[in-house]
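Student: I have a structure to read. Where do I begin?

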Amino acid sequence: MTQSYKDEFVENAGAGNAARQAWLSTLAKAPASEVLRLWEDVVAPESQVLRPAETGMVMVRGRTGGAGNPFNLGEMTVTRCAVRLATGETGIGYVAGRDRAHAYVAALADAMLQSSVWRDQVRASLIEPLRKAYDARREAISRKAKATQVEFFTMVRDRKA
Amino acid sequence: MAYVAVKGGERAITNAHAWLGEVRRGDVAIPELSVAQIREQMSLAVDRVMAEGSCYDPDLAALAIKQARGDLPEAIFLLRAYRTTLPRFGASRPIETADMAVQRRVSAAFKDIPGGQVLGPTFDYTHRLLDFKLAAEGGHEVPPAPVSEDLMPTQLATIAQVFAHEGLLEADPVTDSDKPPYDLTREPMAFPADRDQRLQALARGDEGFLLSLAYSSQRGWGSTHPLCGEIRMGEVCVGFMPDELGFEIELADLPMTECIMLSGFAGSAEQAPQYTRGYGLTFGHNERKAMSMSIVDRALRGRELGEEGQAPCQDEEFVLYHSDVVEASGFVQHLKLPHYVDFQADLQFLRRLRREFFDAQSKAQALHMKEAAE
């Protein structure tokens, strides 16, 4: 089972942004503790904070009946940050929750992933492990759920006439 | 009457709060609860606080529960108050619950629903006997949950999708995808309320209130003849488009519970008869709330479906004006705050009424005596 990036998303993003969309989503969804632990092994270049990490909210919308017109379900906390590398790449981090360091690392990683100099390092030491952990967690849940699926059987009475 | 100044009491309040802190901590010989322990081990309380607090953040909800000494409406109030301090970055793309990574999905209506009946981590079928193993000091080993060799399908068809081709169930047409839905956090309650407004209010609504309304409906006060089409619980992807990016990213996979309740048939000269539906959706794992919400949602659709109901659950003003636990709790509990002036005014008025009553009585008595004497 792999992380699903919906076709619609990819279309919205255009061909050029699909990869960026994927790593930004991975960074947004990963637990802050995991991101920060992996980040310890990353050597980051000089950068400048364009917008310091800030926590706010995104209103989560549901659909009437599950597939109809939207309605406002409730909000979720989100933290964002923007940085620029000395070489010019701008990184944007949007992460679930209120961890400012998580948003800062996401922004810095986004900037580095846009640079051919830093891309491979960040991919190998941050994005790939995060994605593997995500997939492993989802898979474990999926297998547990599958184990609770009811198998109906029908009692057939074999009565001799 | 002189105005009674309500001032002072600072020392009493400070001391009362200090005592509250002490009582909250309880016996110091017992280890203190951490927020993480509440988040992990009181997870359904956390889910309820997030749903009615209308803010998804398990750490904040756990902190609120700790601060409120486990009083969930108080914790919901704390979370609601906190959210007002944060800016809003925008709104998500409407979620697709059909794509949920399902942990539990049962249909009481249709045994052979494609994808099967998946029980997930449920209290159902437990015997409700207290488990004293959980009381053992030092805890006990939790045996790991069995895992299947197979995976769940990545997408489970919903009950609506299963019967879509036959038209047996009403559809959810997207008629107005551009119109931003009603937002009770920005606009006051207004009537008549459309379904988007009602669903938001119900999603934030008090679980106990909605449960009782749903129960009253089932018992005949505005029955909708519900049949549980489907309950599903699992993680749903939330997509959001930050302005500075210009494309959407996936922000989170949030656990949610959804209920689709099938209800009485509706049909007309133009429209073939089909099931109507009620809808429930909450953050976290909260089936009682999602089911109650779906029954009340359906009951409130009377106007649209040409039903003339007089029961409480069918009256949208009654339901929506009284469903919010923060408002209800605030209005009932404000009565314990100083009402000295009201009381003094009442007393004066009451004393005058009594004086007039006794005056009239003694006058009548005097008249009676006089008549008797004559």
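The dialogue below goes from overall shape to single residues.

Student: What kind of model is this?
Tutor: This is a predicted model. Keep that in mind throughout.

Student: How many helices and strands are there in chain A?
Tutor: Chain A holds 5 helices and 3 strands. Read the order next. From the N terminus, chain A runs α-α-α-β-β-β-α-α.

Student: And how many helices and strands in chain B?
Tutor: Chain B has 13 helices and 6 strands.

Student: Into which domains is chain B divided?
Tutor: Domain 1 covers 10–83. Domain 2 takes 97–122 + 150–330. Domain 3 is 340–374. Two of the C-alpha centres, those of domain 2 of chain B and domain 3 of chain B, are 59 Å apart.

Student: What does the radius of gyration of chain B tell me?
Tutor: Compare it with a reference globule. For 374 residues, a compact globule would come near 21 Å, whereas chain B has 27 Å. Then look at the box. Along the principal axes, the C-alpha atoms of chain B fill roughly 105 × 70 × 55 Å.

Student: How do I read burial over a whole chain?
Tutor: Count C-beta neighbours around each residue. A residue is buried at 20 or more other C-beta atoms within 10 Å. By that count, 43% of the 161 residues of chain A are buried. In chain B, buried residues are 36% of the 374 residues.

Student: How do I read the packing of two helices?
Tutor: Look at axis distance, angle and handedness. Take helix 2 (residues 18–29) of chain A and helix 4 (residues 100–113) of chain A. Their axes come within 10 Å and cross at roughly 160 degrees. Therefore helix 2 of chain A is roughly antiparallel to helix 4 of chain A. The contact uses Trp23(A), Leu24(A), Leu27(A) and Ala28(A) from helix 2 of chain A. Helix 4 of chain A brings Ala106(A), Ala109(A), Asp110(A) and Leu113(A). The crossing of helix 2 and helix 4 of chain A is right-handed.

Student: At what angle do helix 3 and helix 5 of chain A pack?
Tutor: Helix 3 (residues 32–39) and helix 5 (residues 119–147) of chain A pack at about 145 degrees, with axes 9 Å apart. Their crossing is right-handed. Helix 3 of chain A contributes Glu34(A), Val35(A), Leu38(A) and Trp39(A) to the contact. Facing them on helix 5 of chain A are Ser125(A), Leu126(A), Pro129(A), Leu130(A) and Ala133(A).

Student: How many residues does each chain bring to the contact between chain A and chain B?
Tutor: Chain B brings 69 residues and chain A brings 55 residues. Next, ask which elements supply them. On chain B, several elements each supply at least two residues, including strand 3 (101–106), helix 7 (195–204) and strand 4 (227–240). Strand 5 of chain B gives the most, with 8 residues.

Student: Why is helix 4 of chain B largely enclosed by the rest of the structure?
Tutor: Count its buried residues. In helix 4 (residues 58–67) of chain B, 7 of the 10 residues are buried, so the helix is largely enclosed. They are Pro58(B), Leu60(B), Ala61(B), Ala62(B), Leu63(B), Ala64(B) and Ile65(B). The cover includes helix 2 (35–41), helix 3 (43–53), strand 1 and helix 5 (72–83) of chain B.

Student: What comes just after helix 4 of chain B?
Tutor: A backbone feature. Arg69(B) takes a positive phi of about 60 degrees there.

Student: Is Tyr125(B) buried or exposed?
Tutor: Count again; 12 or fewer neighbours means exposed. Tyr125(B) has 6 other C-beta atoms within 10 Å, so this residue is exposed. Tyr125(B) sits in the loop between strand 3 and helix 6 of chain B. Its phi is positive, about 70 degrees, although Tyr125(B) is not a glycine.

Student: Where is His225(B) found?
Tutor: His225(B) is in the loop between helix 8 (207–218) and strand 4 of chain B. Phi of His225(B) is also positive, near 50 degrees. With 13 C-beta neighbours inside 10 Å, His225(B) counts as partly exposed.

Student: Which peptide bond is cis?
Tutor: Check omega. The bond from Phe191(B) to Pro192(B) is cis, with omega near 0 degrees. Pro192(B) lies in the loop between helix 6 (159–162) and helix 7 of chain B.

Technical notes. Residues are numbered from 1 along each chain as its sequence is written. Chains are lettered from A and ligands numbered from 1 in the order in which they are written. This is a predicted model: local features need pLDDT of at least 70, side-chain atom pairs count only at pLDDT 80 or more; totals for chains, interfaces and linings use all residues. Domain bounds come from an automatic or database domain assignment. Helices (H or I, at least four residues) and strands (E, at least two) are DSSP runs, numbered from the N terminus. The radius of gyration is taken over C-alpha atoms; the globule rule is 2.2 Å times the number of residues to the power 0.38. Axes are lines fitted to C-alpha atoms, for helices over the stretch in contact, and angles run from 0 to 180 degrees between N-to-C directions. Angles under 35 degrees count as roughly parallel, over 145 as roughly antiparallel, 65 to 115 as roughly perpendicular and the rest as oblique. A crossing is left-handed if the near helix is turned anticlockwise from the far one by less than a right angle, and right-handed if clockwise. Two residues are in contact if their C-beta atoms, placed from the backbone, lie within 7 Å.
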